[in-house]
Amino acid sequence: MSLRSVCVFCGSRSGRNPAHGIAARHTGEMLARRGWRLVFGAGDVGLMGAVAEAATTAGAATLGVIPTHLLGRERTGRDRSRLVVTEDMHERKKVMFMNSDAAVVLPGGAGSLDEFFEVLTWAQIGLHGKPILLLDVEGYWQPLLRLLDHVIAEGFADASLLQHFRAVADVPALEAALTEAFA
């Protein structure tokens, strides 16, 4: 069986809630323990840096993908198994997702929302069937889930939209969902 790869989309900031950083580190450690490769945005900042540091410290293989305009801003100084530099953000998302067997979205801002909605849209229109998991640490994604319910209630999406992703409350549930998806 080939190496499983998990794309992790998350904030380039740490946020205010320390639970998010703890979950990011536990996610990186879990990926390493399972022998899964981390595919991420290549930066050493925020939750992204926390996931990567924990994963590499625990021995995980990594693939970092960063656009040229963020090279100085998100620092990629830590050793990585592999680094890909792209021309723009769209190419970054595409390369990250194409090199992954699943996508996990940790707390984050506009960039993480963009990444989630792009892979969700790709699933909705049939471009992939990969698992998409929201790590809903302390209910972080609950407003997003309510928004999606509203979009469906208002008739702008079919209820089947909700079948393309799953929200999980913590890293053990994330690990179980990925294990089930990879079986």
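Guide: Helices (H or I, at least four residues) and strands (E, at least two) are DSSP runs, numbered from the N terminus. Glu118, for instance, lies in helix α4. This is a predicted model, in which local features need pLDDT of at least 70, side-chain atom pairs count only at pLDDT 80 or more, and totals for chains, interfaces and linings use all residues. Residues are numbered from 1 along each chain as its sequence is written, and side-chain values use heavy atoms, with hydrogens and water left out.

Visitor: Is Glu118 buried or exposed?

Guide: Buried means under 20% relative accessible area, exposed over 50%, and partly exposed in between (1.4 Å probe, protein chains only). Glu118 has a relative accessible area of 15%, so Glu118 is buried.

Visitor: Which residues does Glu118 touch, not counting residues up to four places away in sequence?

Guide: Contact means heavy atoms within 4.5 Å. With that sequence limit, Glu118 touches His90 and Lys93.

Visitor: How do I read a sheet, and in what order do the strands form it here?

Guide: Strands of a sheet pair through backbone hydrogen bonds, either parallel or antiparallel. Two strands count as paired if DSSP finds at least two bridges between them. Here 7 strands form an open sheet with parallel pairing, in the order β4-β3-β2-β1-β5-β6-β7. The edges are β4 (83–86) and β7 (166–168); each has a single partner strand, so one side of each is left without a neighbour in the sheet.

Visitor: Over how many bridges do β5 and β6 pair?

Guide: β5 (residues 102–105) and β6 (residues 132–135) pair in the parallel sense over 3 bridges. Val104 stands opposite Leu133 in β6. Helix α4 packs on the sheet, where it touches β1 (5–9), β5 and β6, and its direction makes about 150° with that of β6. Axes are lines fitted to C-alpha atoms, for helices over the stretch in contact, and angles run from 0 to 180 degrees between N-to-C directions.

Visitor: Which way do the side chains of β6 point?

Guide: In a regular strand the side chains alternate between the two faces of the sheet. From β6, Ile132 and Leu134 point one way, Leu133 and Leu135 the other way, and all are buried.

Visitor: What is a nonpolar core?

Guide: A nonpolar core is a set of buried Ala, Val, Leu, Ile, Met, Phe, Trp, Tyr and Cys residues joined through side-chain atoms within 4.5 Å. The largest one here has 32 residues, of which Val8 and Leu178 touch the most other members. A second, separate core of 26 residues includes Phe97 and Leu148.

Visitor: How is a pair of aromatic rings described?

Guide: By the distance of the centres and the angle of the planes. Rings of Phe, Tyr and Trp (its six-membered ring) pair if their centres lie within 6.5 Å; planes under 30 degrees apart count as stacked, over 60 as edge-to-face and the rest as tilted. The whole structure holds 5 aromatic pairs. In one of them, Trp36 and Phe182 have ring centres 5.1 Å apart and planes at 90°, so the pair is edge-to-face. Both residues, Trp36 and Phe182, are buried. Phe97 and Trp122 make a tilted pair, with 5.7 Å centre to centre and 50° between the planes.

Visitor: What lies over the face of Phe97?

Guide: A charge sits over a ring if NZ of Lys or CZ of Arg is within 6 Å of the ring centre and within 35 degrees of the ring normal. Over the face of Phe97 lies Lys130, at 4.4 Å from the ring centre.
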